[in-house]
Amino acid sequence: MNTYQIKSWIKTSALAVTLSLAFSCQDALQEDVISQIGNDYLNTAKGLEDGVNAAYTSLRVWYGSERGNNFTEFGTDIYTNGADGSWKFMNTYTNQFDSQNGHVRELWDELYRGINTCNAVIDRSVNVTGISEAVKKQRIAEVKFIRAHHYFLLVQLFGPVDLQLTENKVPNKVVTRAPVAAVYDAIINDLQTAIPDLEAVKASNQYGRATRPAAQHLLAKVFITRATSEAGQASDYASAEPLLKSVINDYGFILLPNYAQIHQFGNERNDEIVFAIQYTRDPLTNQQANTPANPSANNGNNSHLYFLMEYDVQPGMRRDTQNGRPFKRYRMTPYAINTVFGDRVNDSRYKASFIDVYYANRPGTYNTNFDLSKPSVTFALGDTAIYIPGFEMSLAERATKKISGFGSQPL
């Protein structure tokens, strides 16, 4: 899971978002599938609520998808492309990486679709009755948070973009590129006006709704990012500092005592999480940009699939639920392994972050044609089948081990 977390405002201000499956419980953000509705539905109290929920679903186009990972992991000094996947050009920057790239087009379309939903909720809200003024203000603040989030992604990826702050009710062919400074101004205005009306709590009673600390954290990230852009202002860093201090000090967030607990199964809600994107098991409301070119995109949060090695082709191993689907899209760089995680003694993050041992789940005897020192190996259930020590092990030392699979990098 990728989490919107507090670590330390000095160390990081990165907007990291936990991508987790929503629990089937009453205090989670609920989504109802509505079909065959008229245009006036959004002018009702129920329509306003459903419109806000629809805006939240647009966050899934970025988080928990291969699309979002390709834009954030590729092109960095931490990850490079693995053996599988058809999007390697997004890491190597070939001429295939253009505006017709499916992931670029899908992201653009879905973010603007989400923005227009936010615009519709804001514009229509003035005529909505049957809902308290306090709740209405909170819902408007929530979609302003989402709209700001989407424009923040767009301006970082594309620079000057079309700045639409009112609802498009019919197809519109009029497009202009607003200056980067204007886009940042709109983002900052949305967040600054949203913060007072959002719940001033660590987590909403309906888990997954935007809260005041979530908006403060995002706004701080916006200031810090703008500071290094062409629209940067001398006050940006100073503007970010009190926001981050407030998130750290005012809402009860704490660092978990054990780093390994952060992304542990069953710990999707914990005291480090500031904001979490919600998923549902309902395929009708769990969709990601299902297009003719990508007809199988209705697959929810699948980010965890792309960082695993192909363990299931090794002796003693078969694919299973515990070890995951080995799609091997992303591979850690030597810099990440040897420098970022170079201290294996004092830094507990190494063991907490990587799989370096696989245990046999397919007992039997196997030929090892690739290792002349051991023509065959036999595994009982639970034996160590693959071991990645984190260094290049000599052939002589390998010969003393029953293990069939070795590697110098963790998985």
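Hi everyone, let's start with I146, which sits in helix α5, spanning residues 133-158. Keep in mind as we go that this is a predicted model. I146 has a relative accessibility of 0%, so it counts as buried. Who are its neighbours? Leaving aside residues up to four places away in sequence, I146 touches A55, Y56, S58 and C118. For C118, which is 28 residues away along the chain, the C-alpha separation from I146 is 7.4 Å.

Now on to the charged residues. Side chains of opposite charge can pair when their charged atoms come close. Here the salt-bridge count comes to 19, and I'd like to walk you through a few.

Take K328 and D84, whose closest N and O atoms are 3.8 Å apart. This pair links distant parts of the chain, 244 residues apart: K328 is in the loop between β4 and β5, and D84 is in the loop between β3 and α3. Are these two buried or exposed? K328 counts as buried because its relative accessibility is 16%, under the 20% cut-off, whereas D84 is partly exposed at 31%.

Next, R226 and D185 form a salt bridge with an N to O distance of 3.6 Å. R226 belongs to helix α7 and D185 to helix α6, so this bridge ties together parts that are 41 residues apart in sequence. R226 is buried, at 4%, while D185 is partly exposed, at 43%.

Then there's R349 with D347, at 2.7 Å from N to O. In this pair, R349 is partly exposed, at 30%, and D347 counts as buried, at 18%.

And finally, a group of four: E49, R139, E142 and R209 are linked in a salt-bridge network. Thanks, everyone!

Note on methods: Residues numbered from 1 in each chain as written. Predicted model: local features only at pLDDT ≥ 70, side-chain atom pairs only at ≥ 80, totals over all residues. Heavy atoms only, no water. Helix = DSSP H or I, 4+ residues; strand = E, 2+ residues; numbered from the N terminus. Buried < 20%, exposed > 50% of the residue type's maximum accessible area, 1.4 Å probe, protein only. Contact = heavy atoms within 4.5 Å. Salt bridge = Lys/Arg side-chain N within 4 Å of Asp/Glu carboxyl O.
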